[in-house]
Amino acid sequence: MKKHLLLFALPLLLLGCKANLPVAQQGGKEDMAFLLFVSPGEYAGKDVSVTVDGGKEFTAEVVKQKKSGRKGTQYGVATGARTLKVTCGGKTLYQKKVFLSAQEVKQIILP
């Protein structure tokens, strides 16, 4: 009798664990690249001023460079060839033309 009860209860338990489908999926994301500012030295933890293509300046936070990966605030910019200028206290730390692909996280390594 216990054997029949177990055979009857087991499929009911397994059916109760069914996942709720379908799961909402996110489609393609817009064409945007991301900048991450890192520094192994003195600028880690400071704020720097960033100008993209000579346009409006914005403030970005610099994170300490670690082997663990990309942690920190990522700043979205348009894709394509961009001219970046990073300054701190009137001193130019980085000025370069970079190419940014869609959904790419470009690490800008400061001194």
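Reader: How many aromatic pairs does a search of the whole structure find?
Author: The search finds two. The structure is a predicted model, in which local features need pLDDT of at least 70 and side-chain atom pairs count only at pLDDT 80 or more, while totals for chains, interfaces and linings use all residues. Residues are numbered from 1 along each chain as its sequence is written, and side-chain values use heavy atoms, with hydrogens and water left out.

Reader: Why are Phe37 and Tyr75 called an aromatic pair, and what is the angle between their planes?
Author: Rings of Phe, Tyr and Trp (its six-membered ring) pair if their centres lie within 6.5 Å; planes under 30 degrees apart are stacked, over 60 edge-to-face, and the rest tilted. For Phe37 and Tyr75 the centres are 6.0 Å apart and the planes stand at 50 degrees. The distance is within the limit and the angle falls between the two cut-offs, so the pair is tilted.

Reader: Where do Phe37 and Tyr75 lie, and what does the pair tie together?
Author: Phe37 is in strand β1 (residues 33-39) and Tyr75 in strand β5 (residues 75-77), so the pair joins parts that are 38 residues apart in sequence. The elements are DSSP runs, numbered from the N terminus: helices (H or I) have at least four residues and strands (E) at least two.

Reader: How do you know whether Phe37 and Tyr75 are buried or exposed?
Author: Buried means under 20% relative accessible area, exposed over 50%, and partly exposed in between, with a 1.4 Å probe and protein chains only. Phe37 has 0% and is therefore buried. Tyr75 has 17%, so Tyr75 is buried too.

Reader: What makes the pair of Phe58 and Tyr75 tilted?
Author: The ring centres of Phe58 and Tyr75 are 5.7 Å apart and the planes are at 40 degrees, so this pair is tilted. Phe58 sits in strand β3 (residues 57-61) and Tyr75 in strand β5, 17 residues apart, and the pair links distant parts of the chain. Phe58 has 24% relative accessible area and therefore counts as partly exposed. Phe37, Phe58 and Tyr75 form one aromatic cluster.

Reader: Which residues touch the most other members of the largest nonpolar core?
Author: They are Phe37, Val48, Val86 and Leu110, in a core of 20 residues. β1, β2, β5, β6 and β7 are the elements that give two or more residues to this core. The largest share, four residues, comes from β7. A nonpolar core is a set of buried Ala, Val, Leu, Ile, Met, Phe, Trp, Tyr and Cys residues joined through side-chain atoms within 4.5 Å.

Reader: Which residues does Val86 contact beyond its neighbours within four places in sequence?
Author: Val86 is in contact (heavy atoms within 4.5 Å) with Phe37, Val48, Ser49, Val50, Lys91, Thr92, Leu93, Tyr94 and Leu110. Val86 is also the bridge partner of Val50 in β6.

Reader: How do you know that β6 pairs with β2 and with β7?
Author: Two strands pair if DSSP finds at least two bridges between them. Strand β2 (residues 47-52) and β6 (residues 80-88) have four bridges, in the antiparallel sense. β6 and strand β7 (residues 91-100) have nine, also antiparallel. Among the bridges, Thr83 has Lys97 as its partner in β7. The β6-β7 hairpin has two residues between the strands, and Gly89 takes a positive phi near 60 degrees there.

Reader: Why is Arg82 called buried?
Author: Arg82 has 19% relative accessibility, so it counts as buried. Arg82 lies in strand β6, and its side chain reaches the backbone oxygen of Thr79 at 2.8 Å. Leaving out residues up to four places away in sequence, Arg82 touches Val52, Asp53, Lys96, Lys97, Val98 and Leu100.

Reader: What makes Val63 buried, and which residues does Val63 touch?
Author: Val63, in strand β4 (residues 63-64), is buried because its relative accessible area is 13%. Not counting residues up to four places away in sequence, Val63 touches Leu36, Phe37, Val38, Ser39, Ala44, Lys71 and Gly72. The C-alpha atoms of Val63 and Gly45 are 5.5 Å apart, at a separation of 18 residues in sequence.

Reader: How many helices and strands does the protein chain have, and what share of its residues is buried?
Author: The protein chain has one helix and eight strands, in the order α-β-β-β-β-β-β-β-β from the N terminus. Of its 111 residues, 26% are buried.

Notes:
Polar contact = N/O pair within 3.5 Å; in protein donor to acceptor, adjacent residues only side chain to side chain.
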